[in-house]
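Subject: Structure for your review

Dear colleague,

Please find below the structure I am handing over to you. My notes on what was found in it follow directly after.

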Amino acid sequence: MLLLILKRIGLGLITLFIVSLITFVGVEVLPGDACTTYLEREAYGAALDTCIKRLGLDVPAYERYLDWASNVVRGDFGYSLSGEMPINEVLGPRVKNSLVLASVSILIGIPLAIVLGIITALWRDKLPDIMISTITIFSMTIPEFISATLLILIVAIWLGWLPGIVIIPSDATFYELLSNIILPVVAISMIMTAHMARMVRSSVIQVMASDYVQMAILKGVPYWKMVFRHVLPNALLPAINVVALTIAWLLGGVVVTEVVFNYPGLGRLVIESISNRDLPVVQALAIILASIYVGINLIADLMTLMLNPRLKSLQIRK
Amino acid sequence: MNEIIESVKDLSIGFNSQKGKQISILRNVSTNIKKGETVGIVGESGSGKSTLALAMMGYIKQGLFPLKGECLFKSEDLLKMSSRQLEKIRGRKIAMIPQNAGQALTPNLKIGYQIDEALKLHTELNKTERDKKISELLNKVRLPSPETMAFRYPHELSGGQQQRVAVAMALAGKPDLLLLDEPTTGLDVTTQAHVLELLRFIAKDTGTSMIYVSHDLGAIAQVSDRIVVMYAGEIVLEGPARKILKEPIHPYTYGLLKSIPKLSLAGLPASMPGSQPQPGSINEGCSFYDRCNLATDNCKKNSPDLEHIKELDTNVRCFNYKELINKNNNLQTSITKKSNNSEANEVLNLKDVSISYAKQKFFDQLLNKISDQNPTVKDINIDIKKGETIALVGESGSGKSTILKSIAGLLKTKDGQIKFENDRILSSDLKMRNPNDLRAIQLIFQNPDESLNPNHTVEQILSQPLKLYFNLSGEELKKNIIDLLKKVRLGEFYMSRYPRQLSGGEKQRVAVARAFAAKPDIILCDEVTSALDVSVQAAVLNLLQQLKEDLGTTYVFVSHDLAVVRAISDRVAVLYQGRLCEIGPSQNVYKFPSHPYTEVLLGAVLEPDPDIKPKLVAEDIVEEKPPEKGCSFQGRCPRKIGDICNSEVPPWQIGENGNAIRCHINIEELASLQQ
């Protein structure tokens, strides 16, 4: 078991190494470099030379990669070009904002999705299922930029209950953030919850039709006990990986929603730094997002392994 | 003994078709279950036997509903009870032993918990008493080390052990009535015989009534006091087991018994024409009319009632049953088959073949070699003559299908050679074989549902080999397809049908036609009849034999069913754990002296005759892999003589009958031991 965990962590690190290499090479082969984009029309003569020297662009690429990589390992992503400040200072508040948005959405969305999925499956083709399923399919099909815009129009402009866009200082406390993020959370949860509820529904329906559930009924197990002991543990196992991907997607920044609500999260930072040609920041973001995906998938796989007795004994036997 | 505990009265169950028509799959069924009695309900798939059994627990599958009638358990109607009331009866009064225990045990809960759950629900015992009771129950169903067994998960047990756990679970509530839905289907022959023996013991020991549902008359014969025969949702015959099995007076039961291959008979069983009507397609008249050779005009117009015949203590649904009284001698006949010319040339030769499933290590992969000291299949030497049918038999894990796959080129061999016609070595890699060799060896699979593409019509399915190997097109292609269909006794109109529009037997015929389309020299048959109903199986066996006699094809026939093998094969090779135990002409292999494993297998076969009891000579242990040295059967052998069996691979000995046996015991001594 321990060996397996170490093996998976090793594989994750290799993935990260490859991602870093790809982003580095990608940045290298783009026409122009950080200095030409930064200096724009003044990119000639002495100004260019000093810039190149200052950023260390005169040394060979592999040396710069090694240098950059060893700094990253130590937690230092270098300097942002546009902001002229350490990238860590640029990233810090953005990571915090994304984390807040994601965790609130997760805390509300995932339990809601599971409950809705179970309700629709147990009352399949009856009134609760028809109602909830209609709503979930509806909110799945509307693109985020439309639902987000509609939310702003109705709640913020017509009713005036909540601010339409998010304006928060970078040192805002958690509570200050909270009142501002209600609308973005609703916009995100609508799609996320709908997708997950559909998945939980089909998974529960599948397990309900299995031989062992029929057996439990014929054994005389009361309905709700059967649902909790025999159905849910088996039905929710496959959901773990979907939940993990959703969490990774949320932490990586929900670009559209952040742009519509003007929310200063990671997603918007990606867009901004790409349009500013702020290549060191793009590199840093690529590494961070890749680590989030690798890390969360690893946790999900290990959880599935722990909770599924079939896989567990398979691993031990190996 | 005469107290009735459950009584079904005029029960019909059905569903609403898409056109809004009510279609019944169970029609006017009435029967009584007495205390302490075991009733066998037998019928082919789709006869409504499982629906009836589940209804007797008050359970109706989703999509179905009762149309009329009642199921009275101790004079209370189960079909009218609330789910709260039913929870009190299920598991406590009536308990179920399911068909496939592997799927009927909840995968995430330990064995002990699942039994404890039943105890908690249906008894007043406290925690320590329950723990004691769990090991008592596990002990009663003869599971090894009951204390540790409780802490294991279902997937950690073998099929036979899972079935035993299901039995223990059903016994936990001390039910008055046990419902068994095909409890031994899918188990190996020896395991099946052991589980049946256990069930018989439990019935006698606890005095519980049992309802035993199965398609297998062999299993039914071993346990039942009374037998109910179902056909197309109706009871067609009901009476004492011995009477039903020995003197069946309904033409369907008569035909069914005749279509079962029997160990004592060489030659093919007689087959019944046609197949069971689908629910909804039954019009007026007798539902067996189309397939019956006693049918008259009266049978076409009027449907017979279930008539009670006092002197035979039997209920029968037939106008002409009298014609069958005293005709029972015919049950023990079979169609003799033309045996092949033993002087014929060899067409396929397996020499020292070993096959390994071991994962290749990185360096071995680089060097393209397989290093496995203990391969799944080892030292297989078989010569196959042109036009003969050679059967490979053995339980699951015996390597019989593995060998078949290697001959087909789907699996690489580790060592040894496969030679085809005039000692030409066939590459073990499919990609290296030339197209003509690929054409010459064809495969028919077990399950036609999976081997036929559901999106292709029969015409498309059959045209593929014809296009690929013979480049046919247009009129010629069509003519060939019609010829092929004719060969497998299907009409021209089948061309436009999709597999889902065919019955199981028709699908397998299409699969047979597809194999013959390539005009092959050798056809590999992988359990081709195990997914089929008995009456259909007999028809497919007859078809295969007929085609072989007409075209001179060679069959390599893999099956776990010794009676089927007896019927179709000229020669038999018995395999255990991927090693040959015995090989010889089939009429001799079924006679003694035999290899001890053949003896065990033959002893476990269930015959549809209550007077022939299986002989259980070895434990039904499941071995995960072959022993590293010595005889492959050392772990289970009832005739083991000592250390020599563990250390040395036994030599081949040839008996006077011409069968070769691999055993350390002298063959004459073996003969006298088995007398």
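Predicted model: local features only at pLDDT ≥ 70, side-chain atom pairs only at ≥ 80, totals over all residues.

Chain A as a whole

The C-alpha trace of chain A spans about 85 × 60 × 35 Å along its principal axes. Of the 318 residues in chain A, 43% are buried. If one takes the contacts in chain A between residues at least 6 apart in sequence, 72% join residues at least 24 apart. Chain A has an accessible surface of about 16900 Å², and carbon and sulfur atoms account for 71% of that surface.

Nonpolar cores

The largest nonpolar core holds 107 residues, and the members that touch the most others are B:Leu52, B:Ile115 and B:Leu199. Helix H7 of chain B (residues 159-171) supplies the largest share of this core, namely seven residues. Another core lies apart from it and has 61 residues, including B:Val393, B:Ala515, B:Ala517 and B:Cys637.

With residues up to four places away in sequence not counted, B:Ile115 touches B:Ile134, B:Leu137, B:Leu138, B:Val165, B:Ala168, B:Met169 and B:Ala172.

Strand S15 of chain B

Strand S15 of chain B (residues 389-393) has five of its five residues buried, so the strand is largely enclosed by the rest of the structure. In a regular strand the side chains alternate between the two faces of the sheet. In S15(B), B:Thr389, B:Ala391 and B:Val393 point one way, while B:Ile390 and B:Leu392 point the other way.

S15(B) pairs in the parallel sense with strand S20 of chain B (residues 554-559) over five bridges. Within that pairing, B:Leu392 has B:Val558 of S20(B) as its bridge partner. S15(B) also pairs in the parallel sense with strand S21 of chain B (residues 571-576), here over four bridges. In S21(B), B:Arg571 stands opposite B:Ile390.

Individual residues in chain B

In the three cases below, the contacts listed leave aside neighbours up to four places away in sequence.

B:Thr191 is placed in helix H8 of chain B (residues 189-206). Buried means under 20% relative accessible area; B:Thr191 has 8% and is therefore buried. B:Thr191 is in contact with B:Gly160 and B:Asp620.

B:Val377 belongs to strand S14 of chain B (residues 377-385). B:Val377 is buried, with a relative accessible area of 0%. The residues it touches are B:Val353, B:Ser354, B:Ile355, B:Gly399, B:Thr402, B:Ile403, B:Gly578 and B:Arg579. B:Val377 and B:Lys479 are 102 residues apart in sequence, and 43 Å separates them in space, C-alpha to C-alpha.

B:Ser334 sits in the loop between strand S12 (314-316) and strand S13 (346-355) of chain B. B:Ser334 has a relative accessible area of 27% and is partly exposed. B:Ser334 is in contact with B:Leu265, B:Ala266, B:Gly267 and B:Leu268. Between B:Ser334 and B:Leu544, which are 210 residues apart along the chain, the C-alpha separation is 16 Å.

With kind regards

Conventions:
Residues numbered from 1 in each chain as written. Chains lettered and ligands numbered in written order. Heavy atoms only, no water. Buried < 20%, exposed > 50% of the residue type's maximum accessible area, 1.4 Å probe, protein only. Contact = heavy atoms within 4.5 Å. Areas by Shrake-Rupley, 256 points an atom, 1.4 Å probe, with all protein chains shown as cover. Core = buried A, V, L, I, M, F, W, Y, C linked by side-chain atoms within 4.5 Å. Helix = DSSP H or I, 4+ residues; strand = E, 2+ residues; numbered from the N terminus. Pairing = 2+ DSSP bridges.
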